[in-house]
Amino acid sequence: MHRTSLRRLEVFVAAVEAGSFQAAAERLGISQASVSKQIRALEEQMSKQLFTRRRGSTGNLTSDGGITFELAKELIEKAERLAGGALGDRLIKGRQRIVLASHPFLAWAIARPLASYAADHPDTYLSVRAMNYEQLVTAYAQQRVDVGIFLAPSHTPELPSSHLWTEPVGLYASASHPLSALDKVGSSDLLKFGFIPAHSDRLFQDLVDRSLAQIGIQDYPVALESEHPALTIEALRRGLGYTGSFPRVVAGEGIQESDVKRLPVQMSGFEVRLCVQDTLRHDPKIQRLIDFITHQCAPADDFRAI
């Protein structure tokens, strides 16, 4: 198959797994227009409609789309094994390839340490994928991920996992928002304004809802909902509502205290967990990476951010 056709299949699979063209574009690091163009070209090449499209999402797969999705995944996996060598030994040009999946929010927090790790260990080829919990469960079962770092409650029956650290969480509002002027913020104050969910994947939102319930907010008005971080941040800056986020992510975005303030509300942190393929648990390079993540990627005990 021509190389461009293989790329079209990769974009198609990403769109199905991500649930929208925009989410697929963010995962692949390309524009949404490019995703649409690649999938349109694939449909024209195959003379088949792959999606029953709905505005704002990929819609449902057609019967042809479902068949194409399964065959495309199989073809891509075979291509990846071939890239690893004729024996499928996961070596790429003398380096061991490790596929690391991370929740998108965690990827912001651990990006710099991972970049340092990759630079210091030229014998390892890191392939880092952004995945929410549902995507990770599927990829792990299909052995498309070696190591996964994710946000979850302590009990994860779908994935054998272990605790890494607890990531601090805070509530944020524009510096000009009425909530930011209060010395003490209670549930009654928060319920006067809309909440901006930071992400729509099921498990993450469940964790957010649990944290809000602990401070007395069982049901809240939604000011805006978006999977796009830039829209969430811009809405926050414009005073549309308040949102929950990780201090390390806020600091990493370079947001100034003159724009956004952390509200004086005590929130429980989110548990960060680790999963590793059973067949790789004793691999020395996998263990070296896990040790690094455990000791270098966790937030400092005295971490403070706006």
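Which residue stands opposite Arg-273 in β11? The residue is Phe-150.

## Basis of the model

The model is predicted: local features require pLDDT of at least 70, side-chain atom pairs count only at pLDDT 80 or more, and totals for chains, interfaces and linings use all residues. Residues are numbered from 1 along each chain as its sequence is written, and side-chain values use heavy atoms, with hydrogens and water left out.

## Strand β11 and its partners

Helices (H or I, at least four residues) and strands (E, at least two) are DSSP runs numbered from the N terminus. Two strands pair if DSSP finds at least two bridges between them. Strand β6 (residues 147–151) is joined to β11 by 5 bridges, and the two run antiparallel. Strand β7 (residues 162–167) also pairs with β11 in the antiparallel sense, over 5 bridges; here Glu-167 stands opposite Phe-270.

In strand β11 (residues 270–276), 7 of the 7 residues are buried (under 20% relative accessible area, with exposed over 50% and partly exposed in between; 1.4 Å probe, protein chains only), so the strand is largely enclosed by the rest of the structure. Both of its faces are covered: one side carries Phe-270, Val-272, Leu-274 and Val-276, the other Glu-271, Arg-273 and Cys-275, all of them buried.

## The loop between β6 and β7

Glu-158 is found in the loop between β6 and β7 and is partly exposed, with a relative accessible area of 43%. Leaving aside residues up to four places away in sequence, Glu-158 touches Tyr-133 and Val-137 (contact means heavy atoms within 4.5 Å). The side chains of Glu-158 and Tyr-133 make a polar contact at 2.6 Å. Such a contact is a pair of N or O atoms within 3.5 Å; within protein, one must be able to donate a hydrogen and the other to accept it, and residues adjacent in sequence count only if both atoms are side-chain atoms. The C-alpha atoms of Glu-158 and Thr-138, 20 residues apart along the chain, are separated by 9.4 Å.

## The open sheet

An open sheet is formed by 3 strands in the order β9-β8-β10, with antiparallel pairing. Strands β9 (242–245) and β10 (260–262) stand at the edges with a single partner strand each, so one side of each is left without a neighbour in the sheet. Strand β8 (residues 170–174) pairs with β9 over 4 bridges, and Ala-173 stands opposite Tyr-242 in β9.

## Aromatic pairs

The count comes to 8 aromatic pairs, where rings of Phe, Tyr and Trp (its six-membered ring) pair if their centres lie within 6.5 Å; planes under 30 degrees apart count as stacked, over 60 as edge-to-face and the rest as tilted. Phe-21 and Phe-51 form an edge-to-face pair, 5.9 Å centre to centre with 70 degrees between the planes. Phe-21 lies in helix α2 (residues 21–28) and Phe-51 in strand β1 (residues 51–54), so the pair ties together parts that are 30 residues apart in sequence. Both Phe-21 and Phe-51 are buried.

The ring centres of Phe-195 and Tyr-220 are 5.1 Å apart and the planes stand at 65 degrees, so this pair is edge-to-face. Both Phe-195 and Tyr-220 are buried. Ring pairs also link Phe-12, Phe-21, Phe-51 and Phe-69 into a cluster.
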